[in-house]
Amino acid sequence: MKRPLSSFLASTVTYFIMLVLFVLVRIIFLYVNLPFSQNVNDFISTVIIQGGIMLCLAMVLYSFFKKQNIKTTLTDFRFEKISFYTIILCIFIGILCYVLNIFVSSFFGTIISLFGFESAPSFPSFTTTDYSVGAFIFQVITVAILPGICEEVAHRGLLLKGLSSLGIMRAAVFSSVLFGLMHLNISQFFYATVLGYLISLSVIISKSIFPAMIIHFMNNFLSIYFTFAQANNWALGGGIKDFLNSLLTTDNPFSFFLICTLILSCLLMLLVYLFTLLLKETRIKKVRNMLQYIVKLNNTTIDKTTFSKNDENLLNMQMINKLMGEYNIKSLNNMVFTDIESKGTKLVYLEKVFLIGCVLLGSLVTLSTFIWGLI
């Protein structure tokens, strides 16, 4: 390979290889009798899949195909620092996403059950028989921290960046669907896809991958915490879970769908509000800082010795307004949303092949698991 691949092809080829290896590792640890305890097996497979495949392999292969160093890849994957206020916003977004996932899971689980299949669990969760503090810490590391970092590098770093030539919003859809399929479980596919799309929006808005990691971590952490809290009578454990369950428990399908629709609508409105705050704290704040810097440079040529503080502030505001286009909202939008509004480019044949290959492989394994319990 003499020339670097396009970002699209580099990301889809890398992800296809990752997905194949991911499935193979799952099969090996499920069907091969390894001389380790179940906990050790789980830990080893998690480290291989998360740290080895989702994180290291994603960055190394993408860098290799693009003929660039890891530092450039980190920049491509949007490893940009964020403010403390952004972190707090993302924590609250993560909490809302967890609650949203409960109702999305129940909604689609009920639809599946209407066709005679086993309903998905109401709460996105995992099974365990050890509820000790040590087991809790272990689960936080393997189920919340590692996936929160590694799966985000693979999907909101590698895929969202690589597929952006489709247009950033289409890239968000495809990366979210592949994120849902990566779970290889039909009951997790629906809420994982919804979660993936919301997480993608946080990256698009903030231009940083760190909000995605925080939201993903919070979603998984709450799932772990409520499982252990209910078993150990920790604070906010059984009470919140019982309350949410009570909202979902009804024998009338019409009432169930009505309740789900109302609650989902309220949650989405709250999420829109928090995403608006995130937009102001990240993109719009960066544009404002840029304009203020330009004003500062311009002001160095103006004699302000006869200005009062109010006069100086007025001058600054007038210059910023002029730079924005005299209150022209369209000109401000052009500065804030240039990359979002950009149109997608037409894919070449090989790019289509690997994108379709990734979707087909994930779909086939997910459906095989759903129908025959493959992995």
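**View 1. Leu 166 is buried, with a relative accessible area of 11%, where buried means under 20% relative accessible area with a 1.4 Å probe and protein chains only.** This is a predicted model, in which local features need pLDDT of at least 70 and side-chain atom pairs count only at pLDDT 80 or more, while totals for chains, interfaces and linings use all residues. Residues are numbered from 1 along each chain as its sequence is written, and side-chain values use heavy atoms, with hydrogens and water left out. Leu 166 sits in the loop between α5 and α6 (168-182), the helices being DSSP runs (H or I, at least four residues) numbered from the N terminus. Leaving aside residues up to four places away in sequence, Leu 166 touches Phe 8, Phe 174, Gly 344, Leu 347 and Leu 355, a contact being heavy atoms within 4.5 Å. Although Leu 166 and Lys 346 are 180 residues apart along the chain, their C-alpha atoms are separated by 7.5 Å.

**View 2. Helix α1 (residues 7-31) and helix α5 (residues 133-162) cross at roughly 140°, and their axes come within 7 Å.** The axes are lines fitted to C-alpha atoms over the stretch in contact, and angles run from 0 to 180 degrees between N-to-C directions. On the α1 side the contact involves Ser 7, Phe 8, Ser 11, Thr 14, Tyr 15 and Met 18, which meet Ala 154, His 155, Leu 158, Leu 159, Lys 161 and Gly 162 in α5. The residues of this contact of α1 with α5 divide into six nonpolar, five polar and one charged, where Ala, Val, Leu, Ile, Met, Phe, Trp, Tyr, Cys and Pro count as nonpolar, Asp, Glu, Lys and Arg as charged, and the others, Gly among them, as polar.

**View 3. Ser 206 belongs to helix α7 (residues 186-206).** Its relative accessibility is 2%, so Ser 206 counts as buried. A polar atom of the side chain of Ser 206 lies 2.6 Å from the backbone oxygen of Ser 202. Not counting residues up to four places away in sequence, Ser 206 touches Pro 211, Thr 282 and Lys 286.

**View 4. The second largest pocket holds about 210 Å³ of space.** Ten residues line this pocket, and the closest to its centre are Asp 76, Arg 78, Lys 161, Lys 207 and Asp 339. A pocket is here an open set of points on a 1 Å grid where a 1.4 Å probe fits, with protein on both sides within 12 Å along at least five of seven lines, and lining residues have an atom within 4 Å of a point. The volume is the space filled by probe spheres set on the points, which are joined across faces, edges and corners. By class, the lining of the second largest pocket has one nonpolar, three polar and six charged residues.

View 5. Arg 78 is found in the loop between α3 (70-76) and α4 (84-114), and at 16% relative accessibility Arg 78 counts as buried. Leu 184, in the loop between α6 and α7, has a phi near 55°, a positive value in a residue other than glycine. With a relative accessible area of 1%, Leu 184 is buried.

Key:
Helix = DSSP H or I, 4+ residues; strand = E, 2+ residues; numbered from the N terminus. Buried < 20%, exposed > 50% of the residue type's maximum accessible area, 1.4 Å probe, protein only. Polar contact = N/O pair within 3.5 Å; in protein donor to acceptor, adjacent residues only side chain to side chain.
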